[in-house]
Amino acid sequence: MNAFNEFFRSLGSGARTGFLAGALLIVLGMIAALWWVFSPSYQLLFGDLREADAAEIAQSLTEWKVPYRYTDDGRGIEVPQSQVYDTRMKLVSAGVPSGGHAGFELFDDADFGVTEFAQRVNYQRAIQGELERSIAALPGVQNVRVHLTIRRPGLFVGQDDASKASIVVGMLPGEMLTAAQVRGIRNLVASAVDGLSPAAVVVLGPTGVMPGGGGAGEDSLMSQNEEQSGYEARVRERISDLLSQAFQLRDFRVSVDARVNFDQVKRVSERLLEQGEGGNGLLVRKRVNRSGAAPTADATQAPTTQSQEEYDYAHGSEREETIRAPGRVERLSIAVLVPPGLSSAEIERLRKLITAAAGLDSERGDRLEISALADGPSGIKAIDENPVLSASGDPDKAAVPGTARPSGASGPSRLPGPLWTWIALAIVVGLLGGIVLARLFRSTPPALRPQERDAVLAKMRVWLAEGGNAS
């Protein structure tokens with residue numbers, strides 16, 4: 001200790017200050033190191049939480065006396081590393097976080113003094129909360145609200161009100177539910193509520209009613225559009241396969257337009273069945289009434305008798321109900337755009353294949369038009385100007401205007417473009433060539449005469465001689 005005092009006294013004032021500051025820093029570093037070593041390390045318990053969920057988790061951790069802290073962004077909660085998994089399982093078993101939705105845990109604490117109306121309201125709240133939890137589990141869903149109108153039995157038969165439901169779905173930025181997912185949500189809600197049909201469920205999104213989330217009319221229209229688009233896509237795919245495989249074409253376009261009738265027609269016919277002899281029916285009852293006059297005294301006139309017969313027949317009846325399923329194709333129009341250069345035989349073969357593959361029917365007015373890209377200004381050359389099939393339904397008999405040239409008609413020009421274009425191009429080339437030649441001849445110097453050439457040579461000799469003497 002004396003040695004330290006002597007050492008400290010031997011130091012100057014500045015050295016003493018630096019020594020004390022260094023000692024203080026060393027002590028503080030040791031204290032920080034000990035605190036870091038012995039303090040518990042925190043690990044993320046739940047992240048990316050909403051404010052309501054984070055508050056619910058924090059309340060539960062406070063009740064259980066579990067130390068916790070929030071992350072920098074405030075959307076996560078950290079607990080000591082040794083308690084992460086135990087705390088997480090405890091929260092999950094307790095249903096925390098519940099997402100702000102109260103489910104059937106409302107009936108955990110049964111109160112026998114509650115009224116029937118309160119029980120009905122609690123049941124509706126529980127159903128809504130459970131449905132909200134199920135829908136919120138879908139990817140991309142941020143928040144959900146479910147509103148139910150559960151039917152109540154009426155006093156008389158047939159007076160029960162139908163159940164209804166409305167669902168509001170909030171999506172994460174950049175996310176959107178597909179029509180199939182929306183229909184699945186509607187079926188889920190309809191299956192969980194008594195007396196609720198999917199047609200009475202409406203799903204509302206950030207931009208309004210979501211695709212597939214409207215009423216029965218909207219669903220019917222969407223299914224009809226999907227069915228028609230699917231039929232057109234199948235026909236287009238068949239024709240595209242024929243063009244790419246049979247003709248080895250790569251540059252072609254196929255357009256298919258189908259008019260489909262989705263009307264559901266129900267026809268009922270009823271007629272009597274002929275039974276018995278002569279088709280009069282089955283004999284059920286027969287009545288015979290006979291009446292006659294008494295004979296006269298002279299016995300000259302025979303007694304008269306009258307007979308009346310009545311027959312009752314039973315006829316059978318036959319009832320027939322015919323329901324025509326919707327989705328009947330009323331008309332089919334096909335347009336095919338092929339590259340130029342196909343011969344008439346290839347065009348005829350192409351027409352046969354398309355007619356067979358698409359199932360074209362001339363009786364219902366199906367149309368087929370085949371056009372080719374041309375080199376002219378129009379860009380398209382019609383190959384099949386009569387797209388309607390022949391009355392007999394045989395595409396072989398259909399005329400092919402544009403593939404055969406009538407006699408006496410002048411054929412197309414062999415030049416790849418119109419004649420006036422080539423004439424203008426020739427004029428421009430001639431003008432440019434004349435200008436270039438004129439400049440070349442103008443820049444060429446004229447030839448010297450012999451006397452002028454000798455004079456120039458004499459001057460050059462004098463100039464060279466003067467230059468040589470100067471050097």
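How many strands form the open sheet with mixed pairing, and in what order do they stand? Four strands make up this sheet, in the order S4-S5-S6-S7. The model is a predicted one, in which local features need pLDDT of at least 70 and side-chain atom pairs count only at pLDDT 80 or more, while totals for chains, interfaces and linings use all residues. Residues are numbered from 1 along each chain as its sequence is written, and side-chain values use heavy atoms, with hydrogens and water left out.

Helices (H or I, at least four residues) and strands (E, at least two) are DSSP runs, numbered from the N terminus. Two strands pair if DSSP finds at least two bridges between them. S4 runs antiparallel to strand S5 (residues 164-171), and eight bridges join them. Within this pairing, arginine 145 stands opposite valine 168 in S5. Helix H5 (residues 116-136) packs on the sheet through S4 and S5, and its direction makes about 150° with that of S4. Helix H6 (residues 179-192) also packs on the sheet, touching S4, S5 and strand S6 (201-205), with its direction at about 135° to that of S6. Contact here means heavy atoms within 4.5 Å; axes are lines fitted to C-alpha atoms, for helices over the stretch in contact, and angles run from 0 to 180 degrees between N-to-C directions.

A further open sheet has three strands in the order S1-S3-S2, with antiparallel pairing. Strand S1 (42-46) and strand S2 (69-70) each have a single partner strand, so one side of each is left without a neighbour in the sheet. Two bridges join S2 to strand S3 (residues 77-80), and tyrosine 70 has isoleucine 77 as its bridge partner in S3. Helix H3 (residues 51-63) packs on this sheet, touching S1, S2 and S3, and its direction makes about 25° with that of S3. Helix H4 (residues 84-93) touches S1 and S3, its direction making about 15° with that of S1.

The loop between H3 and S2 holds lysine 65. Most residues other than glycine have a negative phi. Lysine 65, although not a glycine, has a positive phi of about 60°. Lysine 65 counts as exposed because its relative accessibility is 75%, where buried means under 20% relative accessible area, exposed over 50%, and partly exposed in between (1.4 Å probe, protein chains only).

Arginine 234 is found in helix H7 (residues 216-245). At 41% relative accessibility, arginine 234 is partly exposed. Arginine 234 and alanine 358 lie 124 residues apart in sequence and 9.2 Å apart in space, C-alpha to C-alpha.
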